[in-house]
Amino acid sequence: MPALTRRRVLTAGVLGTVAAAAAACSRPFGRTPAGPNLPPGEDLVFGASLELTGSGAVAGMAFGSVVMGRMATQGRNKVTLIASPKVATLGYWVEQLIAESTGKEGKGIVPVEGEPVGKPAVYGDDRLFVYIRMDADPPNRAVQALEKAGHPVVTLTMRDKLDLGGEFFRWEVATAIAGAVLGIDAFDQPNVQESKDNTKKVLAIFKGKGKLPAAESVAASKARAGIKSLLGKAKRGSYFAIMAYTARTPGSEAAIAAIRTAVRDKTKIATTAGYGPRFLHSTGQLHKGGPKTGLFLQVVQNDAKDVSIPGQPYSFSVLKQAQAIGDLQSLTSRRLPVLRVTLGREPAAGWRALAAAVKRGHDVFQEKCSICHFDTSEAKKIGPGLKGLNKRGTFSVNGNKVTDENLKTWIENGDSLMPPFKEALEEAQIKDVIAYVKTL
Ligand code: HEC
């Protein structure tokens, strides 16, 4: 990987013209003006970071073809937005634009909005970061770390909120051009209608029978096994999508953030989240029409309040449930992996249980073991460093072989210096932490 160079590559004119030409003849194009001697385009993919200035049509074209389109065709199709808190909600708009415009015919760019930012090592090689900052913002350390580690980061700087108009224009042009590079029609949304049609069918059943068709689901408190099997399907390039047909509350927001972080840190796959039915018009198109790489978690709750719909035999709550079931059917008919979880009577408790079900060995380790053990070093803290324990093959404390069985006995019972965890942890958590320790 070439050394990182931070370049002010794009003065709209030069690269924009190259990019427009490239998009027009869809052939690989030449190097960026200041690029090292690499194969065409590669300098942007590996270890480069860019700062884009200007937001006219040409800048949008360059961003769309050179950056989003070309990177997507090379596997970096998770456009991960990191926005200044001052314009944080711009992300929702960009998410919808990209997902609904590009996610079709088995192709598409996956916008990743609102995912908590992590250390460079928790990301796979399928990301393109776009950092949207305001001129007055202080430097963002997390973004700097990503750049330093060689992740591709595009920085878009706005002078003030009036620049939003320019950003809208940039993203619209960029998305249309990226669509051309991917070879799809950005002005079409074929699979949104499909879920609507499914919803109609589900509502017809409700009208006829007076109840909605059953959908297989699991309670949040019992979701551990289902989540494990869903995540077991994660491959390089997969993404994990949370589809919450629930109220947006501080509890749901906290749980979604915790689940996304745990899944991402554990599997290195990108995570997305949306509230239903709203997301059906944004990422919903991509889920069904885009690359078949999604792992889906549908979360539903019983509505505490309901409102009837004049002239219809069903209420808003029933309509929402029908939309969830209709979308579930769209996903399963494509053989996409989906787990449907019900939050139960107490949504807040349900969200907490769901977050706990996703937290795996790493989290258990952080919470219960890291005060006394390093997981990234062999050095002694209060207890011995656990890095490399499995490779060494024997416990340093007693010479026993490192097996699941011996680890279980040790962790459950402790010894004079290490506390026993038989009571403090569930059996599944002990299993998870053993699995984690063995990866060190
Ligand atoms: C309060 C401190 C403390 C906590 C918390 C703790 N340990 Fe320990 N652990 C120790 C000490 C001290 C030893 C060394 C024991 C000895 O020398 O007899 C040890 C030893 C070990 C060993 C043997 C390592 C070797 O190389 O032989 C393993 C494995 C282990 N701990 C795992 C865990 C796990 C997993 C957790 C969390 C569930 C945990 N420990 C939590 C203090 C702790």
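This is a predicted model: local features need pLDDT of at least 70, side-chain atom pairs count only at pLDDT 80 or more; totals for chains, interfaces and linings use all residues.

Trainee: Fine. How many residues surround the ligand, and which are the closest?

Mentor: The ligand is surrounded by 23 residues, and Cys369, Cys372, Gly383, Phe395 and Met418 are the closest.

Trainee: What classes are in that shell?

Mentor: The shell around the ligand has 18 nonpolar residues, three polar and two charged.

Trainee: Which helix supplies the largest share of it?

Mentor: H15 does, with three residues. At least two residues come from each of H13, H15 and H16.

Trainee: Now H16. Why should it span 18 Å?

Mentor: Helix H16 covers residues 427-439, so its 13 residues at 1.5 Å a residue should span 18 Å. The C-alpha atoms at its ends are 19 Å apart, which agrees.

Trainee: Which of its residues are buried, and what covers them?

Mentor: In H16, Gln429, Ile430, Asp432, Val433, Ile434, Tyr436 and Val437 are buried. Their cover includes helix H13 (361-369), helix H14 (389-392) and helix H15 (404-413).

Trainee: Change of topic. Which residues of the largest nonpolar core touch the most other members?

Mentor: Met68, Val130, Ile242, Ile259, Val299 and Leu354, out of 82 residues in that core. Helix H3 (residues 57-73) gives the most to this core, eight residues. Domain 1 (5-182) and domain 2 (191-358) each contribute at least three.

Trainee: And what is Ile242 in contact with?

Mentor: Beyond its neighbours within four places in sequence, Ile242 is in contact with Ile256, Ile259, Ala273, Leu297 and Val299. There is also a second, separate core of twelve residues, among them Leu407, Ile430, Val433 and Ile434.

Notes:
Residues are numbered from 1 along each chain as its sequence is written. Helices (H or I, at least four residues) and strands (E, at least two) are DSSP runs, numbered from the N terminus. The expected span of a helix is 1.5 Å times one less than its number of residues. A residue is buried if 20 or more other C-beta atoms lie within 10 Å of its own, exposed if 12 or fewer, and partly exposed in between; C-beta atoms are placed from the backbone. Two residues are in contact if their C-beta atoms, placed from the backbone, lie within 7 Å. A residue is near a molecule or strand if its C-beta atom, placed from the backbone, lies within 6 Å of it. Ala, Val, Leu, Ile, Met, Phe, Trp, Tyr, Cys and Pro count as nonpolar, Asp, Glu, Lys and Arg as charged, and the others, Gly among them, as polar. A nonpolar core is a set of buried Ala, Val, Leu, Ile, Met, Phe, Trp, Tyr and Cys residues joined through C-beta atoms within 7 Å. Domain bounds come from an automatic or database domain assignment.
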